[in-house]
Amino acid sequence: MRGEDAATEGFFSYLRLEQRIPADHPLRSIRGLVDAALKELSPTFDQLYAQEGRPSIPPERLLRALLLQALYTVRSERQLMEQLDFNLLFRWFVGLSIDDPVWDATVFCKNRDRLLDGEIARVFMTSVLNLPQVRQLLSSEHFTVDGTLIEAWASMKSFVPKDGGKGPPSGPGRGTGGGRNANHDFHGEKRSNETHASTTDPDARLFRKGKGKEAKLCHMGHVMTENRHGLIVDARLTEANGTAERTTALEMIEENARPGSTVGGDKNYDTAEFVAGCRAHDCTPHVAQNDTNRRSAIDRRTTRHPGYAVSQTKRKRVEECFGWMKTIGTLRKTRYCGRALVEWFFVLTAAAYNLVRIPKILAAAG
């Protein structure tokens, strides 16, 4: 018998929001980790807010909503608020009931910016890693460092001379076209970070990853992973330049690696300065040898050990972190301007990557 397509809507609902979420849904295990980490951050939140006045959006709900934005590839805060309005799964994860009103997108962004002052994203990632069930998963002796380019939210047309000049004459047929996005031909113009800057994002730098690659306005992101399960233990974002990867890697090694640790890396880290810096921290540099038309900074005294081959195998897992953060976490091209804001979201996306991996690792461990 064919059923009738008749809409019948009850005035009351007899199911709680908790009952709407499947017992085996992946977000359940993730929220357990998030709630445990946020509980440890409560004293930090108290220092960021006044003791009196109009209540703001709870910081715990702010962070849960921003995690959803990374986990479900939500492209903007406005779309996130739209999803929160009708998506019961999102409401449950954030902590909203079915009848709670959703915040305005502008108000949400204003409250979010308050969390930048306390580096809450970095503290949150550290809090997750310090959970008892997570700490036992981490290796404290073997690490990998790597960097990647994060394309800035700025057009090449915004990269103009710092002195306010318009550069060399355009010539016939160049610079034509009306409107605020006029056509422009950049051939023949010499542009560099010393003479030019972006008017959209002044912190972005013109940089290219290698020979034959196009130059882009970008920032440079860095991560340090442990080799046991490939979890991110440190994440930072700096200016894009030729030495940022090695300089930042040494800073992360100083803060996270203990004496006797090994540190893997690609050929970009095979320099005398980086190798000497690792050994100054009593760490063994397990970097890939770069012997193309040059002499490698490491020799058989390092490469003959079986651990070197293991580190070279494990270090390639760092690309999985960058792949997830750029595709799922929407960091291939950032949506924000300013290095401080871009770094905050880079670190939070790294924490979201860990939250996706940790429940699977715990389940596999029994």
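Guide: Helices α10 and α11 are roughly parallel to each other, a label for angles under 35 degrees, with over 145 counting as roughly antiparallel, 65 to 115 as roughly perpendicular and the rest as oblique. Their axes cross at roughly 5° and come within 10 Å, α10 covering residues 244-256 and α11 residues 272-280. Two packed helices are described by the angle between their axes and the distance between the axes. Each axis is a line fitted to C-alpha atoms over the stretch in contact, and the angles run from 0 to 180 degrees between N-to-C directions. Helices here are DSSP runs of H or I with at least four residues, strands are runs of E with at least two, and both are numbered from the N terminus.

The model is predicted, so local features need pLDDT of at least 70 and side-chain atom pairs count only at pLDDT 80 or more, while totals for chains, interfaces and linings use all residues. Residues are numbered from 1 along each chain as its sequence is written, and side-chain values use heavy atoms, with hydrogens and water left out.

On the α10 side, Arg 246, Ala 249, Leu 250 and Ile 253 meet Phe 274, Gly 277 and Cys 278 of α11, contact meaning heavy atoms within 4.5 Å. By class, this contact has five nonpolar residues, one polar and one charged. Ala, Val, Leu, Ile, Met, Phe, Trp, Tyr, Cys and Pro count as nonpolar, Asp, Glu, Lys and Arg as charged, and the others, Gly among them, as polar.

Cys 278 is buried, because its relative accessibility is 0%; buried means under 20% relative accessible area, exposed over 50%, and partly exposed in between, with a 1.4 Å probe and protein chains only. The count of disulfides in the protein is zero, a disulfide being a pair of cysteine sulfur atoms within 2.5 Å. Cys 109 has its closest cysteine sulfur in Cys 337, 13 Å away, which is too far for a bond. Cys 109 is partly exposed, at 21% relative accessibility. Cys 278 is likewise in no disulfide, and the nearest cysteine sulfur, that of Cys 283, is 6.5 Å away.

The phi of Asp 282 is near 60°, a positive value in a residue other than glycine. Asp 282 counts as partly exposed because its relative accessibility is 49%. Beyond β8, Asn 293 is found in the loop between that strand and α12 (300-303). The phi of Asn 293 is also positive, near 60°, and the residue is not glycine. Asn 293 is exposed, with a relative accessible area of 80%.

Val 310 is found in α13 and is partly exposed, with a relative accessible area of 48%.

As for the setting of these parts, the protein has 15 helices and eight strands. Buried residues make up 44% of its 366 residues. Its C-alpha trace spans about 75 × 65 × 60 Å along the principal axes.
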